[in-house]
There are 2 protein chains.
Amino acid sequence: MTRKRHAKPRKQPLQARSRETYAAILEATARILEAEGLEAANTNAIAERAGVSVGSLYQYFPDKAAIFAELIIAAETELGDMMEALVSSTSGQTLEERLGLLVHAGVAQQMARPQLARLLDYLEATLPADPKLQAADERILSLIGRLLQEHRDMIARPATATTALDVLSIVKGMVDGASFAGETRERQLEARVMTALLGYLRYS
Amino acid sequence: MTRKRHAKPRKQPLQARSRETYAAILEATARILEAEGLEAANTNAIAERAGVSVGSLYQYFPDKAAIFAELIIAAETELGDMMEALVSSTSGQTLEERLGLLVHAGVAQQMARPQLARLLDYLEATLPADPKLQAADERILSLIGRLLQEHRDMIARPATATTALDVLSIVKGMVDGASFAGETRERQLEARVMTALLGYLRYS
DNA sequence: TCATAATGTGAGCTATTACTTGTTTTTACA
DNA sequence: TGTAAAAACAAGTAATAGCTCACATTATGA
């Protein structure tokens, strides 16, 4: 709760041992967040769950917010990597096929740990601005933008950043809503998301 | 942070003076939430901003979560009232016209205080289950469901609870995304939301 | 083998939190 | 005007938070 702006860069994990500690802290945080919520995710609890001491935690993260930020960056990097691979390897296919693959990847990731996904989304909006975080975010938007651009003759919307953001927002919104309501049938949800996206993009 | 489950019903505000205190506490909480975020919204700060003492705060709310819950209920009741009036008074009009009115009301409410709207959405998902809160929620969904039902021959989707939830999720998602990105042109946003909704509902 | 660097520890400090309680002030109304 | 109920007050309490620091342990490599 203390509002310090120290942002000291901490140690980088060099040896295998410390890399494990680092990863354990991130995973412990994710587990607490998804199982017990934001309030339960305090640094003492995180350290305990990770099986390390608080001191170790603060050797790799300048403050609690940095742990959250790193979690978001990791999730977005993972999604971004998958999306980039998909977009790059399917340039001959139709918009519908390619969008289907992206939606499949996105829905799967968000539904794998829905509580966590919702919380990270919320945290992203409240965390102090972090250039790395913003970059990971923009990468995803620009991949969607690239797809729209490549199929711009098939859609009734301009292939702009706004349209890309709308696409992402629709996916996130629908998955959030569905998981909150207890929906678990991923394929059906994917199909509905596809309907919404294609309906938005194709018809004016 | 203390996890008590007392849920004592507190005093009801009877006199004009206490009704003002009650309202001041709610408004102070909303202002702090939207300007400084969830962490800053502690009971001492809320009381101070409201110009009352902490003791007074706890005369009307059993705990901090109850203040948040009341804020959500108030917002959803307001939206529900507007929606109900619109749905009831436009039974002769087209789906497009009626949906446009609902979207206008919903977008306006969420864009009036976007930070607050996002936070309340998040809080709703984490607060202890409250029947009143759930009722307010279901009322909005059932109004959307009623509209879908009345125009079921105009849409390609089943007029089910799932479809109603999808509609609500698309609106919330798009407005959240847009306001997070700094979008302020409400009419344009509304138009895009309408495109997405009609695209989703009309085309399979 | 030993010195140095890397990593890990956890008691404990300080600040802050949610909430209580004993008391005082204000209001309603007989 | 007097009095009982309603409302408001705010000092205080116990718990807990984030984070530091002096020290211990483990690894590296010459």
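Around DNA strand C lie 28 residues, of which Leu14(A), Ser53(A), Gly55(A), Asn42(B) and Asp63(B) come nearest. A residue is near a strand if its C-beta atom, placed from the backbone, lies within 6 Å of it. The model is predicted: local features need pLDDT of at least 70, side-chain atom pairs count only at pLDDT 80 or more, and totals for chains, interfaces and linings use all residues. Residues are numbered from 1 along each chain as its sequence is written, while chains are lettered from A and ligands numbered from 1 in the order in which they are written.

Helices are DSSP runs (H or I, at least four residues), numbered from the N terminus. The largest share, four residues, comes from α3(A). By class, this surface has eight nonpolar, 14 polar and six charged residues. Ala, Val, Leu, Ile, Met, Phe, Trp, Tyr, Cys and Pro count as nonpolar, Asp, Glu, Lys and Arg as charged, and the others, Gly among them, as polar.

A rotation of 180 degrees with 0.0 Å of shift along its axis superposes chain A on chain B, with an RMSD of 0.1 Å (least squares on C-alpha atoms of residues with pLDDT of at least 70 in both). The two copies are therefore related as by a two-fold rotation axis. They meet through the same surface, because 100% of the interface residues of chain A are also interface residues in chain B.

Key:
Helices (H or I, at least four residues) and strands (E, at least two) are DSSP runs, numbered from the N terminus. Two residues are in contact if their C-beta atoms, placed from the backbone, lie within 7 Å.
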